[in-house]
Every structure is written in structure tokens, then in C-alpha cells.
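Please open the structure in your viewer and keep the selection tool at hand. The stops below are meant to be taken in order, one selection at a time.

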Amino acid sequence: MKLKKGVFFEYLNLNKFHCLLSLTNTLTLNDYFCLLDIHEKKTLNDIQFYHFMKHVTTMGKKHIMLTFDMLDWDADGEIGFEEFYMMVCILLSSEHDVEETFICHHFLPVFELLDMDSSKTINLKEFKASGFLFNLKGSDFKKILNLFDITGDECLNLSEFQKFTMMCMDAQKELKRKRGKLHRLMDICTYFVKEEDELHLLD
């Protein structure tokens, strides 16, 4: 998932530590949202959201509509500015390769976003369906599941997911120390597995 070149959002300044916009940029984004809200309902419906996402991202229709359903937490067919703001921050986090920072600092809303059936757990099927938001694949989630599924139910509950996010930050710092640069979330997943394999060899 990538932003298209030259779109308005490229000029927004994302704080790469908190993965949030400044107050000025938030107000600018709110003005943009109001322009999209042609019905003046302070919400966007699925058609408005689809055309917005098609204009600014490389996502296809299937992923755009799935994203809308995930953001539409109360299933009323509309999303407000809060959900729109979250989506823009996810887009910018992906653009700046700080997805793991976003997930760590906002693990609760991310968990609720990925928990598509509201079961208070994230299973492999849900992650395969929604992992594109953070440039993850099903194979990446299998690695995460093997390491953090403490209860053994083949799902991650909130506590397990939070442990994963904390480890993400620690692994990112370690990788940056060793290699001198930031790494994408999928690289961190691979790092987890390699470190775990090395520990097993030492046992």
C-alpha cells in the first residue's frame, strides 16, 4: 500500500516517533475532510471513501472496501473524521517505513481494527485479510503467532498483541544499532524468528 506521487498527503508532516500529525496539519486535514464531505454530515460514506482512496493510493477496490468496513466500527455505513485521521496516519506511517512505531504507540486501535469479527482476538484469517494495511503477509503473521501466542489458541489476544508491539520497538532499535538504518515491519518479523532459532540452538 503506497501513496500516489504528488498527492496532498505527501506534504503533511508526520511525527515519526508518535506517528501523529501536528495540530496545524490536523486542522488542514480536517479542512480536506470537509471538502470530501459534500453532504455536510461530518461523515464519509463508502462511495466517497472509495473515490478518495483510489485517488491517493495504489490500493485496489477490494482492499479499499475492506478498509472502509474495518474503519466503520459501528457498521452504520459511514466513517467520521476520527477514523479518517487514523487511516491517513497509517498511510503516512507506511510511506515513511515506521509501521511498527505506529502499531506500538497505537496498539489498542490497531488491535480493534484487525479484530474484524470483534472476538477480542486476531486470528490468521483476519491477519491475512487485513495485513496489507501494514505491508504484512500471512507468512509474517505465522511467525508472530509462533512467538507470541502464549495461550496456544492460534490467535493473539490484546495482551499478546501488546507484547508483540513492544518487541517490535526493541527489535527496531537493535537492528538500527547493528545496521544503522530503520527496517520495515516484515524485516523485524524475520529478525524475531532468527533470534528465536538461535536461542533454540543454544538450548
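This is a predicted model: local features need pLDDT of at least 70, side-chain atom pairs count only at pLDDT 80 or more; totals for chains, interfaces and linings use all residues.

**First stop: α1 and α4.** Select helix α1, residues 23-36, together with helix α4, residues 81-95, and look along the pair: their axes come within 11 Å and cross at roughly 115°, and the crossing is right-handed. To see where they touch, show the side chains of T26, L29, N30, Y32, F33 and L36 in α1, which meet F81, F84, Y85 and V88 in α4. Sorted by class, this contact is made up of 8 nonpolar and 2 polar residues, with no charged residues.

**Second stop: α2 and α3.** Now select helix α2, residues 46-56, and helix α3, residues 61-71, whose axes lie 10 Å apart and pack at an angle of about 130°. The two helices are therefore oblique to each other, and this crossing, too, is right-handed. On the α2 side, display D46, F49, Y50, M53 and K54, and on the α3 side K61, I64, M65, T67, F68 and L71, which they meet. By class, the contact of α2 with α3 has 7 nonpolar residues, 1 polar residue and 3 charged residues.

Apart from residues up to four places away in sequence, E95 touches K2 and L3. Although E95 and K2 are 93 residues apart in sequence, their C-alpha atoms are 6.4 Å apart in space. For L3, pick the backbone nitrogen, which lies 3.2 Å from a polar atom of the E95 side chain.

**Last stop: T121.** Finally, select T121 in strand β5, residues 121-123. Is T121 buried or exposed? T121 counts as buried because its relative accessible area is 16%, under the 20% cut-off. The side chain of T121 makes a polar contact, at 2.9 Å, with the side chain of S119. Leaving aside neighbours within four places in sequence, the residues in contact with T121 are F111, D115, E126, C155, L156 and N157.

Methods:
Residues are numbered from 1 along each chain as its sequence is written. Side-chain values use heavy atoms; hydrogens and water are left out. Helices (H or I, at least four residues) and strands (E, at least two) are DSSP runs, numbered from the N terminus. Buried means under 20% relative accessible area, exposed over 50%, partly exposed in between (1.4 Å probe, protein chains only). A polar contact is a pair of N or O atoms within 3.5 Å; within protein, one must be able to donate a hydrogen and the other to accept it, and residues adjacent in sequence count only if both atoms are side-chain atoms. Contact means heavy atoms within 4.5 Å. Axes are lines fitted to C-alpha atoms, for helices over the stretch in contact, and angles run from 0 to 180 degrees between N-to-C directions. Angles under 35 degrees count as roughly parallel, over 145 as roughly antiparallel, 65 to 115 as roughly perpendicular and the rest as oblique. A crossing is left-handed if the near helix is turned anticlockwise from the far one by less than a right angle, and right-handed if clockwise. Ala, Val, Leu, Ile, Met, Phe, Trp, Tyr, Cys and Pro count as nonpolar, Asp, Glu, Lys and Arg as charged, and the others, Gly among them, as polar.
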